[in-house]
Amino acid sequence: MTVPVEGVAGGGTAYGFNDGGLNAEPLKQSLDPAEVPTADLVNVWCMPNSINVGSQETPRPLEPINLLAARNERESFQIAMRPKVSWAGSSPSGSVQVQCSDLCSSAGDRLVVGQSLKLRRVVPVLGVPDALVPLDLPVTQLSLLPGETSAIWVSIDVPNGQPPGQYEGEITVSAMKMDGGCSADLGKHEKDQLCTELKNCLDIMEPIEGKPMDEVVERIKCASSSLRRILFSPSFAEFISTNGSSDMMEEDVVSNLAVHIKLRLTVWEFIIPVTPSLPAVIGVSDTVIEDRFGVEHGSEEWYEKLNLHFKWLLQYRISPYFCRWGESMRVLTYTSPWPADHPKSDEYFSDPRLAAYAVPYRQVIAGDDSREIYLQKEVEILRSKPYWNKAYFYLWDEPLNMEHFDNVRKMASEIYAYAPDARVLTTYYCGPGDAPLAPTPFESFVKVPNLLRPHTQIYCTSEWVLGNREDLVKDIVGGLQPENGEEWWTYICLGPSDPHPNWHLGMRGTQHRAVMWRVWKEGGTGFLYWGANCYEKATVPSAEVRFRRGLPPGDGVLYYPGEVFSSSTEPVASLRLERLLSGLQDYEYLKLYESKYGREEATGLLEKTGVYMGPERYTLEHRPIDVLRGEVYNACRPS
């Protein structure tokens, strides 16, 4: 799949499970998928969700999949495929058909394909597996490239009310026969998709007259990418590969020759809380949305786009806030673009999946009221609601000097005039550079609460400051006043760097997941991440995604515009976003264990199982994660 993402698609790095391989059986003389078992044409095997399956991942034996999931949990794994030989006559090696069944229990309960069970293709970004592009269900078709491993991400969402029990099903992979017959007419869905894609090309190219040359070049690149995507889509696969067509094989032939992946899921009684125990607040740039999708600030289309992103992100147990930066890192943050008395704001803030929401310091959309009158109205309305305890104000990102800190105090004082019980969140990694608070930078950093008190309640510090010195946490927490409502949150951004946990592209899968293990062990009560869609500016939805210069690849980007990969407007998740979700679910397992045995025992379990000991000492393999989850299951399930 050719993907318009900056850099080279393909390549990639495989982490773990890449020592050794499989000796392929000698191939039969025929390469006809109607006569030869798929296993003789393609290596098919499964991998854990914490492994980055790169294009040179070595085949492994195929084994049945056994998963454990609580209710209201998403569990996932990967199916890897690598051709042994080409059976299409020319590049690509050939196509495979992947078919899923529902997962059924002996009591007749089901987890339905397309609702609970979903497939996404793992697509490289800068050569590293990252984007998860949705596939059709219950049957989908993929083209495989010679000498390269492709992967499918399989996820299972277990509803809150799903009866506990053993659920079984299977996924079949079948090599597809290619011959020279005539292809069937395109279906209505395929025609509609092709029509949309071609119309997008026209929309990109028609308004170029009088545009600056760099924008014209960008639009040409986008149109070329879209046309290439159409050309290499399954609708034209027969013409690209063999100048023939692909006929669906008889169902019984497919079943007899296919590779069968047996899947068993144990659903247990524990229900992951609908409201996350850890508020994980993550920024979404409204200006990036405005530029890329061509929507005017405050327009009906603008509200629709923000609403789409907000609703989509809630499935990842995060509490999104929209943001735009001003001068000197002043930041306007808001979870709802509507005023507090609007029904949509009530819908947003009362959603039990939202653990915290940002209240804007000034109007998001300019109005007649002064800033003071607007602020007074907002807090008076919100303080009367049952969800006021989830509110916070995030006013300034990483103040660096006394002027910045003075501005935070001034803005907070205005808020407290109308809401003395308001919570102000301030992110920081140092004290004021122009007025040191102590002899050393770290001592100055530790004394920041003395400078901000009582104008901040949530002290949100960079994990970069701690390095690998977990013992420094007590110095930070020791200076806070929890009896006065003060909290300690943490954040990551540019740093910390490898080998510490972060969400940079190319880090190990367990390194991504370990971000939340670190939060648990250090004892923070909340977490912040500065941006989930902060790539370089573009002016068309399907423009190639460029990571911001000066930042590590992937920093500030946890999902991609759907239009980059297809005609879909739904965002495309990254592997890193899925691992963020897994980490937050691990956090809930530890909270459950803590509720029965205490925090010290829960932290001890995290270390005893070899999952996480510190920011430079955590598992590189997946097995300890399964051991941890299994220990919680055995210790906490009803007897």
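This report walks through the aromatic pairs, the charges over rings and the nonpolar cores of a predicted model.

## Ground rules

Because the model is predicted, local features need pLDDT of at least 70 and side-chain atom pairs count only at pLDDT 80 or more, while totals for chains, interfaces and linings use all residues. Residues are numbered from 1 along each chain as its sequence is written, and side-chain values use heavy atoms, with hydrogens and water left out.

## Aromatic pairs

Searching the whole structure turns up 25 aromatic pairs. Rings of Phe, Tyr and Trp (its six-membered ring) pair if their centres lie within 6.5 Å; planes under 30 degrees apart are stacked, over 60 edge-to-face, and the rest tilted. One of the pairs is Tyr303 with Trp338, which is stacked at 5.0 Å centre to centre with 20° between the planes. This pair ties together distant parts of the chain, 35 residues apart: Tyr303 is in helix 6 (residues 300-313), and Trp338 is in the loop between strand 17 (331-334) and helix 7 (343-350). Helices (H or I, at least four residues) and strands (E, at least two) are DSSP runs, numbered from the N terminus. Both Tyr303 and Trp338 are buried, meaning under 20% relative accessible area, with exposed over 50% and partly exposed in between (1.4 Å probe, protein chains only). Ring pairs also join Tyr303 and Trp338 into a cluster with Trp302, Phe310 and Tyr348.

Tyr593 and Tyr597 make a tilted pair, 4.7 Å centre to centre and 40° between the planes. They sit about one helical turn from each other because they are four residues apart in helix 15 (residues 575-597). Tyr593 counts as buried because its relative accessibility is 11%, whereas Tyr597, at 41%, counts as partly exposed.

## Charges over rings

A charge sits over a ring if NZ of Lys or CZ of Arg is within 6 Å of the ring centre and within 35 degrees of the ring normal. Lys305 has its charged end over the ring of Phe293, 4.3 Å from the centre. Arg599 lies over the face of Trp520, 4.5 Å from the ring centre.

## Nonpolar cores

A nonpolar core is a set of buried Ala, Val, Leu, Ile, Met, Phe, Trp, Tyr and Cys residues joined through side-chain atoms within 4.5 Å. The largest one has 115 residues, and Trp503 and Phe527 are among those with the most contacts inside it. Helix 15 is its top contributor, giving nine residues.

Trp503 touches residues including Phe527, Leu558 and Leu580, not counting residues up to four places away in sequence; contact here means heavy atoms within 4.5 Å. A second, separate core has 36 residues, among them Cys46, Leu119, Ile152 and Ile171.
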